[in-house]
Amino acid sequence: LLAQQHFSNFSDRFADWPVRIELLSRFRTGKQLDTTLQDLADGKVDIVIGTHKLLQRDIRFKQLGLVIVDEEQRFGVRQKERLKQLRAEVDLLTLTATPIPRTLNMAMSGIRDLSIIATPPARRMAIKTLISQWDAALLREALQREIQRGGQAFFLHNEVRSIDRTAREVAKLAPNARIGVAHGQMARGELEKVMLDFYRQRLNVLVCTTIIENGIDIPTANTIIVNRADKFGLAQLHQLRGRVGRSHHRAYAYLVVPDKRSMTRDAHKRLEAIASLEELGAGFTLATHDLEIRGAGELLGEEQSGEIQSVGFSLYSELLNRAVAAMRNGEEVDLEGSLHQETEIELHESALIPEDWLADVHTRLTLYKRIASAPDKSALRDLQVEMIDRFGLLPPQTKHLFEVAELRQKARAIGVSRIDFGTTAGRIEFAEDTRANPAALLEMIQQHPFDYKMKGPNKLLLTFDVDEVGERIRISHEILDKLTP
């Protein structure tokens, strides 16, 4: 149905251009399909619009340059890989209101580029969402109101075997309605006729399955009732809700659910998320909720969702970011090196965010994480400005925390694993893969033999009497600057 709709739109848009557009779907006859496939192979077709049929092995393209996947959440991993195999240099653009967790995670990690269209069409209104158990009076009122204002309604019942019985129940709720039934097991011609009748407003209530989920654009349909909404995924519910409210009229979505005790915990979470996010363009936010509920999935495997507790999301994200950065710089991904212990800095002075300065523990933990994750000196400076703006002048301990973080960045860059510097002595330990300049290190020891001494192959001893922590920080920076290649 969506392919047919796209075909009509493309044909209209390119009517004045010398572009040949063809359609591959079950609404085409066998002869039409054979002709289109042959012309595709010969390069006579410029744009082909189709269903999953485009992924079949017997389809050949003369010079495929661009693949656009609409409703990306309806395609599995194998199908997406098949798209890439069609031609090595193919450009791939995927469109979706609700990306699956695996795709969203890849986009947020920087593996794929992500663009968000958050501006709704002019005069478009948000869809009012109501969650209720089966209430004949409420549903009757919903259907009658839509019919009386000259609109149309979807009644979604996702079981083909009982859909006719449901249609009879809907007829009792709205006796004056012109009702049609649509599902995927209908004959091609019959389904096409029902959808065409609904599109042309000969029918005003369509009892259907999720066949209407993807992209169907009927501006006069502004009420949808979803029976047993607890059985649908979060992305599905958002897509179904998006079938209404496609004009300037207020639209309504009724999610009919059973008794709360018979629903799963995840179903509760999904329904709470869909009800709380009614504003336009909420699909991306809902997809992030879906990512939290279902897990991020496998980047290199076929699972589109999965558990992540075994690794921990913070460590997983950090490893992934390092791997992406290495690949973009043309470097080899070092998974072993990524797991090395973080650089330790001990200057024997308090470095923290005091509880009496910032009472909220969650905010403190978030800020600690942001300080530790800051990539450079500029990011630390921006974070300092933000904290001063939000909470006031920084106390001495927090200033010291930022100084330690800056020192850690510099030490990490040259492969220093630990700096321990007290009032009378200190030591600097080097990692096995350190990038410190050995010539500069040798020169320091030769010029100041009483201040610097090597102990073993990877430990530099410091013998300074320094009471002020600020002076210890200055000396540490000075040493690291000298050792930086």
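1. Strands β9 and β10 run parallel and are joined by five bridges. Within this pairing, Ile225 stands opposite Tyr254 of β10. Strands pair here if DSSP finds at least two bridges between them; strands (E, at least two residues) and helices (H or I, at least four) are DSSP runs numbered from the N terminus.

2. The model is predicted, so local features need pLDDT of at least 70 and side-chain atom pairs pLDDT 80 or more, whereas totals for chains, interfaces and linings use all residues. Residues are numbered from 1 along each chain as its sequence is written, and side-chain values use heavy atoms, with hydrogens and water left out.

3. β9 and β10 belong to an open sheet of six strands with parallel pairing, in the order β5-β10-β9-β6-β8-β7. Because β5 (128-132) and β7 (179-182) stand at the edges with a single partner strand each, one side of each is left without a neighbour in the sheet. On average, neighbouring strands of this sheet are turned by 15 degrees against each other, direction ignored; the axes are lines fitted to C-alpha atoms.

4. Helix α5 comprises 13 residues (136-148) and reaches 18 Å from first to last C-alpha, close to the expected 18 Å; the expected span is 1.5 Å times one less than the number of residues. At its start, a side-chain oxygen of Asp135 comes to within 3.1 Å of the backbone nitrogen of Ala137. After the helix comes Gly150, with a positive phi near 80 degrees.

5. Which residues of α5 are buried? They are Leu139, Ala142, Leu143, Gln144, Glu146 and Ile147, where buried means under 20% relative accessible area, exposed over 50% and partly exposed in between (1.4 Å probe, protein chains only). The buried residues of α5 pack against α6 (163-173) and against strands β6 (152-156), β8 (205-208), β9 (221-227) and β10 (252-256), contact being heavy atoms within 4.5 Å.

6. Five bridges join β3 to the parallel strand β4 (91-95), in which Asp91 stands opposite Leu66.

7. Arg123, which is not a glycine, has a positive phi of about 70 degrees. Arg123 lies in the loop between α4 (101-108) and β5 and is exposed, at 61% relative accessible area. Gln201, also not a glycine, has a positive phi of about 65 degrees. Gln201 lies between α7 (188-199) and β8 and is partly exposed, at 38% relative accessibility.

Methods:
A polar contact is a pair of N or O atoms within 3.5 Å; within protein, one must be able to donate a hydrogen and the other to accept it, and residues adjacent in sequence count only if both atoms are side-chain atoms. Axes are lines fitted to C-alpha atoms, for helices over the stretch in contact, and angles run from 0 to 180 degrees between N-to-C directions.
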